[in-house]
Amino acid sequence: MEAEDSTREFMRDVKRVIIKVGTAVVSRDDGRLALGRLGALCEQIHELNDMGYEVVLVTSGAVGVGRQRLRYRKLVNSSFADLQKPQQELDGKACAAVGQNGLMALYDTLFSQLDTTSAQLLVSDNDFRDPAFRKQLNENVESLLSLKVVPIFNENDAVSTRKAPYEDSSGIFWDNDSLSALLAMELNADLLVLLSDVDGLYSGPPNESHSELIHTYVKEKHEGLITFGDKSRVGRGGMTAKVKAALYAAQAGTPVVITSGFVADSIIKVLDGKHIGTLFHQDASKWVPHGEVGAREMAVAARECSRRLQTMSSDERGKILLDVADALEANEKVIIAENEADVALALQDGYERSLLSRLELKPDKIKSLANAVRMLANMEEPVGRILKRTELSEGFVLEKTSCPLGVLLIIFESRPDALVQIASLALRSGNGLLLKGGKEARRSNAILHKVITSAIPESVGEQLIGLVTSREEIPELLKLDDVIDLVIPRGSNKLVTQIKAATKIPVLGHADGICHVYVDKSADKDMAKQIVLDAKTDYPAACNAMETLLVHKDLVQDGSLNELIVELQFKGVKIFGGPQASALLNIPEASSLHQEYSSLSCTVEIVDDVNAAIDHIHEHGSGHTDCIVTEDRQVAEAFLRQVDSAAVFHNASTRFSDGFRFGLGAEVGISTSRIHARGPVGVEGLLTTRWLARGSGQVVNGDKEIAYTHKELNLQA
C-alpha cells in the first residue's frame with residue numbers, strides 16, 4: 001500500500017534530480033553486472049527525461065566490476081603452481097580503470113536502445129579544490145542537461161590520490177555517496193535519490209524483526225536510536241555512508257530520499273510523492289508534532305494498558321463503560337458540532353449520499369450508542385470464564401479459560417459510530433486497541449476518542465485506546481505482527497483486500513456485503529413485501545442491506561413479483577435485472593450478479609426453486625447474510641441448513657444481522673471468515689483461550705509415576 005505522503009508535496013516542484021546508484025544495486029552477488037536492474041534504471045531515467053526532468057546519475061560499481069574481470073584474467077594467465085600460492089588482493093586502482101570502461105560501455109548501450117544520450121564525467125577529490133574547475137563543471141552540466149543528455153558521474157578511483165580508497169574518508173568527498181551530496185549542492189539539485197539494496201533507513205539491521213522502516217528522518221527523534229548493521233557487501237560504506245551523505249545534503253537544502261534500487265519504478269514513485277523510502281529534509285523536525293508517538297510505541301503502550309485493565313474486577317471494568325456512556329451523553333453537543341463540520345466538508349467535497357448517511361451522527365444515534373455501551377457494562381463477565389475443567393490425575397486440575405486476544409488494530413471508513421462500538425468492546429473484553437478512521441470523519445473521531453479515553457482511569461492509562469491520525473502510518477502498523485494480534489478492516493471491498501495483501505497479522509472481516517432475500521412460492525405476500533422493503537430501504541448503505549432479490553418463477557405469473565418491484569420503485573429503489581428478469585420484465589441488466597450497491601439500487605432475478613436460489617447465492621453471494629421468505633417449513637429448513645453464509649434467516653429482514661440486534665451489545669464488525677469468529681463479532685469474537693493448571697507437585701518422568709484420570713469436572717470448583 002503506497003499511499004500519498006503529505007510531507008512530500010514538494011515533489012511537485014522538483015525539476016533537477018540527482019540519482020546515485022550503489023554497487024550493491026549495480027552488481028550481482030557474484031560481482032557481475034546486474035543487467036536487469038541497470039536496464040530498469042535506464043528506463044526510469046529515460047522516462048523522467050521525457051517528462052521534463054533534468055537527471056544526473058552518479059554510479060558506483062566500476063571497482064567491483066573491474067575486480068571480477070581482473071580475477072578472471074589472473075586465473076587464465078596463472079599456472080597451477082601459481083594458484084597454489086597465497087593470492088594477493090588486486091589493486092583497487094587497476095580494478096577501477098578496467099571496470100569503468102565496461103560500466104560506461106554498458107550504460108551507453110542501454111541508453112542508446114532508449115534513444116537517450118549519456119555523457120561520462122570522472123572527478124576526483126582534488127578537482128573540487130579548484131574554483132575554475134567547479135565553474136567549468138557547472139557550465140558543462142548545464143549544457144548537457146539543456147540537450148537532454150544524461151551526465152553520468154563517478155569518482156575517478158584509477159587516479160585518486162587517496163591512499164586507501166576503501167578506508168580513507170578524508171577530503172571534500174570520500175565515496176560516491178558523498179560525491180552525490182556534493183554535486184547536489186554544486187548543481188543546485190531539487191532532489192537527491194540514493195538507491196540502495198534495502199527499502200530505506202531502518203531503526204536497526206533490516207533483517208531483525210524489531211527493526212522499523214523510518215519514512216521521515218528527524219534528527220531529534222532518531223539520532224542515537226539507530227543501530228547500523230554490516231557495511232555493503234561490495235561497496236564502501238553501506239547505509240552509514242548514505243545517511244551521512246543524506247544529512248549533509250539535506251542540511252544544505254537539498255531533500256534526499258534513500259530507497260530501494262531493487263523495486264520497479266522506485267524513482268518515479270518517489271517523484272510522485274509516494275510513501276516509500278526514507279526522506280531527509282531540513283524542515284523534517286517541523287512536521288513532527290511535539291510528543292508524537294511512533295506506531296510500535298503506540299501498540300506496546302496499548303498492550304501494557306490492556307494488561308492493567310485485565311487485573312481489574314468485572315465491576316471495575318463495567319464502571320469504566322458506564323462512565324463512557326455518561327460521557328457520550330454529557331458531551332452530545334460538542335460531538336454533534338464536530339460531526340456537522342465533517343459532514344459539511346464532505347458535502348463540499350462531493351461525497352456520495354451513501355457515505356454521508358454513514359458519516360452523520362444525530363442525537364438519537366448518540367443516545368443509542370450510550371445505551372449499547374451500558375448493555376455491555378451489564379453483560380455477564382466474558383474474561384476469565386472457565387470453559388472446561390478436567391482432572392488430569394488426582395490433585396491435578398486443568399482449566400480452559402477465556403482471555404483477551406491482546407492488541408487489536410481496527411481500520412474503518414466513514415462511520416464514527418464504529419469508533420464507539422469498537423472502543424467499548426475493547427474495554428469489555430480487556431483488549432488494547434488502535435483505531436484508524438477515515439479522513440472524512442477526522443473531527444468526529446478525534447472528539448469521540450477524547451471523550452472515551454477521558455473516562456479511562458489513570459490506573460489503566462488512556463493509551464489503552466490509541467487513535468492513528470495519519471494514513472502514512474498504516475503500512476508500518478501492518479508490519480507489527482509481533483505486537484498487534486488482529487486486524488479488523490471495516491469498509492469497502494478495496495480496503496479489506498488491500499489490508500489482507502499487506503500484512504502477516506491475522507485479518508478478520510468481510511470484503512463484500514452482498515445479501516440476498518429469496519421469496520419462495522409459498523411466501524406470505526404481505527410479509528414478503530415488508531421484509532423486502534425493510535431489507536433494502538431501512539439503511540441502504542449498511543453491509544447487511546439486501547442487494548439481490550431472488551423470486552420463485554411462479555410469482556411472476558400471479559403478479560407478485562411485479563407488485564414487489566412497484567413497491568421498491570415507489571421507495572426510490574432503482575431496479576436492475578439478472579439475465580432471466582431483465583429479459584422477461586424489460587428492465588436494465590445488472591453489470592454483475594456479484595454487485596454491492598450500498599445505495600437505493602438492487603438486482604432482481606428469477607429462479608426455478610429453492611435449490612436454484614441456494615446455487616445462485618453460493619455462486620454470486622459473499623457469505624454475509626441471506627434470507628428466505630416462505631411458509632413451507634421444509635423448504636425453509638433446507639435453505640437454513642444449506643446456505644453457507646455467516647447468518648441465514650427465515651422470515652426476517654437481513655438488517656437484523658447486527659451485533660446490537662443480536663444482543664451482543666455492540667459489534668466490532670461482521671466477519672465472513674470461517675476461522676475464529678463468523679457473523680457479527682461482539683465480545684466473544686475478541687477473546688481467545690488459555691490453559692490454567694493447578695497441581696500438587698506432579699512431574700512427567702516418562703509418565704511412570706502418574707495415573708491419568710482425564711475426568712470431566714463441573715465448571716464450578
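**Entry 1: a β-α-β unit**

I began with β3, helix α6 (residues 131-146) and β4, which make a right-handed β-α-β unit. Right-handed here means that, with the strands pointing away from the viewer, the path from the first strand over the helix to the second runs clockwise. The model is predicted, so local features need pLDDT of at least 70 and side-chain atom pairs count only at pLDDT 80 or more, while totals for chains, interfaces and linings use all residues. Residues are numbered from 1 along each chain as its sequence is written, and side-chain values use heavy atoms, with hydrogens and water left out.

Helices (H or I, at least four residues) and strands (E, at least two) are DSSP runs, numbered from the N terminus. I looked up how β3 (residues 118-123) meets β4 (residues 150-155): the two run parallel and are joined by 6 bridges. Ser118 stands opposite Val150 in β4.

**Entry 2: the sheet**

I then followed the open sheet of 8 strands, whose order is β3-β4-β2-β1-β5-β7-β8-β6, with mixed pairing. Two strands count as paired if DSSP finds at least two bridges between them. The edge strands are β3 and β6 (216-217), each pairing on one side only. Thr216 stands opposite Leu279 in β8.

**Entry 3: Ser112**

I located Ser112 in helix α5 (residues 92-113). I class residues by relative accessible area: buried is under 20%, exposed over 50%, partly exposed in between (1.4 Å probe, protein chains only). Ser112 counts as partly exposed because its relative accessibility is 44%. A polar atom of the Ser112 side chain lies 2.6 Å from the backbone oxygen of Asp108. I also checked Cys42, which is 70 residues from Ser112 in sequence and 10.0 Å from it in space, C-alpha to C-alpha.

Helix α13 (residues 314-330) has 17 residues and reaches 24 Å from its first C-alpha to its last, close to the 24 Å expected at 1.5 Å a residue. The expected span is 1.5 Å times one less than the number of residues. I listed its buried residues as Arg317, Gly318, Ile320, Leu321, Val324, Ala325, Ala327 and Leu328. They pack against α12 (295-310), α14 (332-348), α16 (363-377), α17 (416-429) and α18 (442-453).

**Entry 4: nonpolar cores**

A nonpolar core is a set of buried Ala, Val, Leu, Ile, Met, Phe, Trp, Tyr and Cys residues joined through side-chain atoms within 4.5 Å. The largest one has 52 residues, and those with the most contacts inside it are Leu328, Ile410, Leu427, Leu433, Leu435 and Ile465. Its largest share, 8 residues, comes from α17. Apart from this core lies another, of 35 residues, among them Val58, Val123, Leu183 and Ile214.

I asked what Leu328 is in contact with, leaving aside its neighbours within four places in sequence. The partners are Ile335, Ile366, Ala370, Val373, Val420, Leu448 and Val451, where contact means heavy atoms within 4.5 Å.

**Entry 5: Glu381**

Glu381 is in the loop between α16 and β9 (386-393). At 17% relative accessibility, Glu381 counts as buried. Its side chain makes a polar contact with the side chain of Arg317, at 3.0 Å. A polar contact is a pair of N or O atoms within 3.5 Å; within protein, one must be able to donate a hydrogen and the other to accept it, and residues adjacent in sequence count only if both atoms are side-chain atoms. Not counting residues up to four places away in sequence, Glu381 touches Ser314, Arg317 and Arg428.

**Entry 6: positive phi**

I noted Ser598, which has a positive phi of about 55° although it is not a glycine. Ser598 lies in the loop between α24 (579-585) and β18 (601-607) and is buried, with a relative accessible area of 15%. His710, also not a glycine, has a positive phi of about 45°. His710 lies in strand β24 (residues 708-713) and is exposed, at 52%.

**Entry 7: the chain**

I ended with totals. The chain has 26 helices and 24 strands, and buried residues make up 54% of its 717 residues. Among contacts between residues at least 6 apart in sequence, 74% join residues at least 24 apart.
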